[in-house]
Amino acid sequence: MDTPIDFDRYDHVRPIRWLGDRLDLLDQRKLPFTVDYLSCADSEAVGRAIHDLVVRGAPAIGIAAAYGVVLATRGVQAESGAGALAGIGQRIDALGRSRPTAVNLMWAIARMRAALSGAGADWRAVIEREAVAIEREDLAANRRMGELGAMLIPPGSGVLTHCNTGSLATAGFGTALGVIRAGVALHRIDRVFAGETRPWLQGARLTVWELREDGIPATLIADSAGAHLMKTGAVDWLVVGADRICANGDVANKIGTYQHAIAARHHGVKVMVVAPASTVDMATPNGDAIHIEERSGDELLAMAGVRTVAEGVQAFNPVFDVTPAALIDALVTERGVIGHPDGARMAAVFGPAPRA
Ligand code: MRU
């Protein structure tokens with residue numbers, strides 16, 4: 001790479017603050033006009049915050065859950081980690097049910113369980129260290145992915161992103177938004193477009209705010225403007241994150257990603273998916289096997305609490321969709337770039353899929 005990236009210059013927002021006896025989460029329901037942290041003192045509060053989208057984005061959900069496991073052990077007396085684990089099984093299971101699609105949640109909980117079950121008398125210190133490690137490793141992975149992904153983008157390019165995959169969705173820097181930060185820093189990206197991401201407006205409320213905080217100019221579009229934008233030639237790459245990547249390379253991400261990917265293929269726009277290895281789920285064979293979260297139709301029937309749709313109307317609100325591997329040009333993880341992912345290429349990097 002020609003110039004090293006000044007990571008700190010383009011990365012100021014932090015959604016998660018671990019304070020030793022509580023977890024403070026930047027309340028993303030209130031952004032962009034109110035910057036307020038919600039304090040969680042127990043694992044139930046963390047589970048509620050994940051479910052209610054106080055904290056969101058696959059890696060941030062995993063990190064919050066890891067600290068939630070630490071909080072679940074408060075008040076537990078045990079001689080060993082295995083003893084502590086026996087006392088908090090139900091609390092951990094409840095955390096794991098807070099959202100269904102982002103595999104980082106289950107991954108982080110499994111990692112915390114493993115650390116606890118192998119720990120001796122110092123188990124409290126061991127699991128706190130493990131949660132801190134999960135957070136630190138995520139930031140390092142994002143920076144690495146930023147470098148790798150940005151080098152795929154030729155100078156002078158325009159990019160479109162969807163949802164929020166930035167510092168707000170991770171330990172910092174972001175996945176897809178990390179590639180965009182790096183691409184801007186390296187003068188490879190000239191134009192950044194962000195889809196508003198109906199219905200919860202992660203793009204409109206979070207992404208363009210976060211980029212503005214870091215001095216990166218971005219233009220907001222309606223999600224339905226994506227294909228038109230691609231047709232005009234303003235966009236060269238669609239750069240998105242992931243909530244779960246299957247053994248065959250299919251990718252679950254925010255609803256609307258699939259339609260952008262179809263439009264991209266039609267218009268010769270390249271598709272890049274950026275996600276850490278913690279989002280790869282080799283135990284899920286393909287996208288059909290993913291549990292797609294459905295949230296309340298109220299998210300569609302009202303805007304900012306004000307009803308916009310006639311009374312008595314029903315709404316259907318799936319919040320993720322699956323982009324088939326065949327539509328993906330590059331999958332970027334901290335382990336490297338996989339061009340045109342498929343089962344064999346995934347297995348070469350992440351090991352064979354476990355037998356059912
Ligand atoms: O419902 P959300 O806001 O949690 O959905 C977030 C996304 O779909 C992101 O694209 C994904 O989690 C990757 S975040 C780095």
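How many salt bridges does the rule find across the interface of domain 1 and domain 2? The rule finds two there, where a salt bridge is a side-chain nitrogen of Lys or Arg within 4 Å of a carboxyl oxygen of Asp or Glu.

Before the views, a word on the basis. This is a predicted model, in which local features need pLDDT of at least 70 and side-chain atom pairs count only at pLDDT 80 or more, while totals for chains, interfaces and linings use all residues. Residues are numbered from 1 along each chain as its sequence is written, and side-chain values use heavy atoms, with hydrogens and water left out.

**View 1. Domain 1 (7-140) and domain 2 (142-350) come from the domain assignment of the chain.** Such bounds are taken from an automatic or database assignment. The centres of the two domains, taken over C-alpha atoms, are 24 Å apart. Domain 1 brings 37 residues to the contact and domain 2 brings 43, with contact meaning heavy atoms within 4.5 Å. Between them about 3,400 Å² is buried, and carbon and sulfur atoms give 56% of that area. Buried area here is the accessible area (1.4 Å probe) that two parts lose on being put together, summed over both. Look for Phe7, Tyr10 and Thr101: they supply 22% of the area that domain 1 buries against domain 2, more than any other three residues.

**View 2. Polar contacts link domain 1 and domain 2.** The count is 27 residue pairs, both residues at pLDDT 80 or more. A polar contact is a pair of N or O atoms within 3.5 Å; within protein, one must be able to donate a hydrogen and the other to accept it, and residues adjacent in sequence count only if both atoms are side-chain atoms. On the side of domain 1 that touches domain 2, helix H2 (58-72), helix H5 (103-117) and helix H6 (123-150) each supply at least two residues. Helices (H or I, at least four residues) and strands (E, at least two) are DSSP runs, numbered from the N terminus.

**View 3. Arg143 and Asp8 form a salt bridge.** Their closest N and O atoms are 3.3 Å apart. In the structure as a whole there are 19 salt bridges. Arg143 sits in helix H6 and Asp8 in the segment before strand S1 (16-18), so this pair ties together parts that are 135 residues apart in sequence.

View 4. An oxygen atom of the ligand lies 2.8 Å from a polar side-chain atom of Arg99. For Asp243, a side-chain N or O atom is 2.8 Å from a ligand oxygen. Gly57 takes part through its backbone, with an N or O atom 3.0 Å from an oxygen atom of the ligand.
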